[in-house]
Amino acid sequence: MRKKLFSAAVCGSALLLAITGCSTTSGNGTKDDGATGSGTGADCVIKSAVPISAAFSLTGAAAQYGASQKNALELAVEDLNKVGGVTYELTVEDDATDPKQAIQVFDTLIASGAAVIIGPTLSNTAKQTNPIAQDAKVPVLGVSNTAAGITEIGDYIFRDSLTEDAVIPQTIKAAVETLDVKKVVVMYSNDDAFTESGYQAFAAALKDEGVDIADTLTFSKADTDFRALLNKAKKSNADAIVVSGLIDAAVPLVTQAREIGIDTPIIGGNGFNSPALIKGAGKAAEGVIVGAAWNSASDNEQNVKFIEDYTAKFDAAPDQFSAQAYAGLQIIDHAVRAECSAEREAIKAGLGDITDVPTVLGDVSLNENRDAVHDALVQVVKDGKFAILE
């Protein structure tokens, strides 16, 4: 039996209800059901609400990411529904960080008429769910899937999250130039597609930069005690420890490394890119280097407002995962308005033509492989905050 832990419909203000209505449409959308409107862009008016669905990890190992993604989507729907012309109706389901659960969720969302699906949270899950959407011809926008091969699943699969291959080489290059790194120990979770992809990207980037890998140590994404592995890494006298792991592993790993006297720099993959690292590891997180697709210090006007609104609404700072989720709906809104249609094929066509769309991440394009293209950056934890590595 499929578990339904969260489902929310957001229909906007009374004025928007009067103008556009808030009825559920067929995901396929036909002209007589209100799914196709008139005008384009800012002038687009669609009679019926556009059904947007998301599958996020609200429980399980990736719950830290999924919770912020859900929050960001709720905020994005509220903001976009105030614009007028197009109203979004949002449903969010829990994939429980479990591919089997996520498959059931995708089946349900597709059958319920979702015009587009956002998610799932992890690449490991996306590799199981996205073929289902591809077969059903339902567009999917991944907002945190960074592993290689995700968009190769098919032409209905898109993502606004930069791949590890796009971010990690810049991270290693910056670390080599800033810290004079010549030898490292690599650690990674070998039971997750996201972290394995991160490891592969790290290995390739280290080779390109001429950095020697003294040892490669693996662990499970469920592990919380890393002392034995860290003691082994300590004996290597490496210049840095490079880690590809989820946040649940990142916090104890960083904390335990400092506890046993490792003071060499730690370079993390995308899984480290969360305020939860700083909150959980405290002073131990100081100096940790993380590549990123987003930074809270960006003076992008949209980003500044997003951070203010998110913090006020949820009493917590947003992270990269929430920023990418918010940007995801901005991109979908652009695709919907381009064709002025909630039909699945129209949204797919609109997503295929995303070029320099202004978002909280900056100007985002989706290339011919349906992957995101925008500026990446390298961060370091400094004084309890993520700062740009200089």
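Leaving aside its neighbours within four places in sequence, with which residues is Ser38 in contact?

Reply: Some conventions come first. This is a predicted model, in which local features need pLDDT of at least 70 and side-chain atom pairs count only at pLDDT 80 or more, while totals for chains, interfaces and linings use all residues. Residues are numbered from 1 along each chain as its sequence is written, and side-chain values use heavy atoms, with hydrogens and water left out.

Apart from neighbours within four places in sequence, Ser38 is in contact with Asp43, Cys44, Val45 and Cys340; contact means heavy atoms within 4.5 Å. Ser38 is placed in the loop between H1 and S1. Here helices (H or I, at least four residues) and strands (E, at least two) are DSSP runs, numbered from the N terminus. Ser38 has 46% relative accessibility and therefore counts as partly exposed; buried means under 20% relative accessible area, exposed over 50%, and partly exposed in between (1.4 Å probe, protein chains only). From Ser38 to Val254 the separation is 216 residues in sequence and 54 Å in space, C-alpha to C-alpha.

Two of the residues that Ser38 touches, Cys44 and Cys340, are joined to each other by a disulfide, with an S to S distance of 2.2 Å. A disulfide is taken here as a pair of cysteine sulfur atoms within 2.5 Å. In general, such a link is a covalent bond between the sulfur atoms of two cysteines. A search of the whole structure finds one disulfide. Because Cys44 lies in the loop between helix H1 (14-20) and strand S1 (50-56), and Cys340 in the loop between H11 and helix H12 (344-351), the pair ties together parts that are 296 residues apart in sequence. The torsion about the S-S bond of Cys44 and Cys340 is about 90 degrees, so the disulfide is right-handed. Both Cys44 and Cys340 are buried.

The account can now turn to the sheet. Strands S11, S12 and S13 form an open sheet in that order, with antiparallel pairing; two strands pair if DSSP finds at least two bridges between them. The edge strands, S11 (357-359) and S13 (372-373), each pair on one side only. Helix H11 (residues 320-339) packs on this sheet and touches S11 and S12, its direction making about 150 degrees with that of S11. Such axes are lines fitted to C-alpha atoms, for helices over the stretch in contact, and angles run from 0 to 180 degrees between N-to-C directions. S11 pairs with strand S12 (residues 362-366) in the antiparallel sense over three bridges, and Val357 stands opposite Val364 in S12.
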